[in-house]
Amino acid sequence: MADKLQGQDFALSTVSGNIHINSLYAAKSTLQCNHGDIDINNCHCATVIYTTEGDIKLSEIEIGLYRIAQNGIPQKSVQ
């Protein structure tokens, strides 16, 4: 769990376990979770999100292109 991640680029992945980020500020990011949930409250960057087995929860999306693949299947893209 992270309260805030801020920087130019992020690549965050886990084999097992959840990813929870309260606020994410970056030029771009990639989040991947094989066996767990991804929960982002505020996303202020272009991001790609993948999960093999788990749920994805996005509360606020500010800017950028968002590609989401849940259980290995592309779900949606938002611009």
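**Briefing: strands, core and cysteines**

At 0% relative accessibility, Cys-45 counts as buried, a term that means under 20% relative accessible area, with exposed over 50% and partly exposed in between (1.4 Å probe, protein chains only). The model is predicted, so local features need pLDDT of at least 70 and side-chain atom pairs count only at pLDDT 80 or more, while totals for chains, interfaces and linings use all residues. Residues are numbered from 1 along each chain as its sequence is written, and side-chain values use heavy atoms, with hydrogens and water left out.

**Cysteines**

- The structure holds zero disulfides, a disulfide being a pair of cysteine sulfur atoms within 2.5 Å.
- Cys-45 is in no disulfide, and the nearest cysteine sulfur, that of Cys-43, is 4.0 Å away.
- Cys-33 is buried, with a relative accessible area of 0%.

**Strand pairing**

- Strands (E, at least two residues) and helices (H or I, at least four) are DSSP runs, numbered from the N terminus.
- Two strands pair if DSSP finds at least two bridges between them.
- Strand 1 (residues 2-16) and strand 2 run parallel and are joined by twelve bridges.
- Across this pairing, Leu-12 stands opposite Leu-31 in strand 2.
- Strand 2 and strand 3 also run parallel, with 13 bridges joining them.
- Here Gln-32 has Tyr-50 of strand 3 opposite.

**Nonpolar core**

- A nonpolar core is a set of buried Ala, Val, Leu, Ile, Met, Phe, Trp, Tyr and Cys residues joined through side-chain atoms within 4.5 Å.
- The largest one has 13 residues, of which Leu-24, Leu-31, Ile-38, Ile-40 and Ile-49 touch the most other members.
- Two or more residues of this core come from each of strand 2 (19-35) and strand 3 (38-53).
- Strand 2 gives the most to this core, with six residues.
- Not counting residues up to four places away in sequence, Ile-38 touches Ile-19, Leu-31, Gln-32, Cys-33, Ile-49, Tyr-50, Thr-51, Asp-55, Ile-56 and Lys-57, where contact means heavy atoms within 4.5 Å.

**Thr-51**

- Thr-51 lies in strand 3 and, at 3% relative accessibility, counts as buried.
- A polar contact is a pair of N or O atoms within 3.5 Å; within protein, one must be able to donate a hydrogen and the other to accept it, and residues adjacent in sequence count only if both atoms are side-chain atoms.
- A polar atom of the Thr-51 side chain lies 3.1 Å from the backbone oxygen of Cys-33.
- The backbone oxygen of Gly-36 lies 3.4 Å from a polar atom of the Thr-51 side chain.
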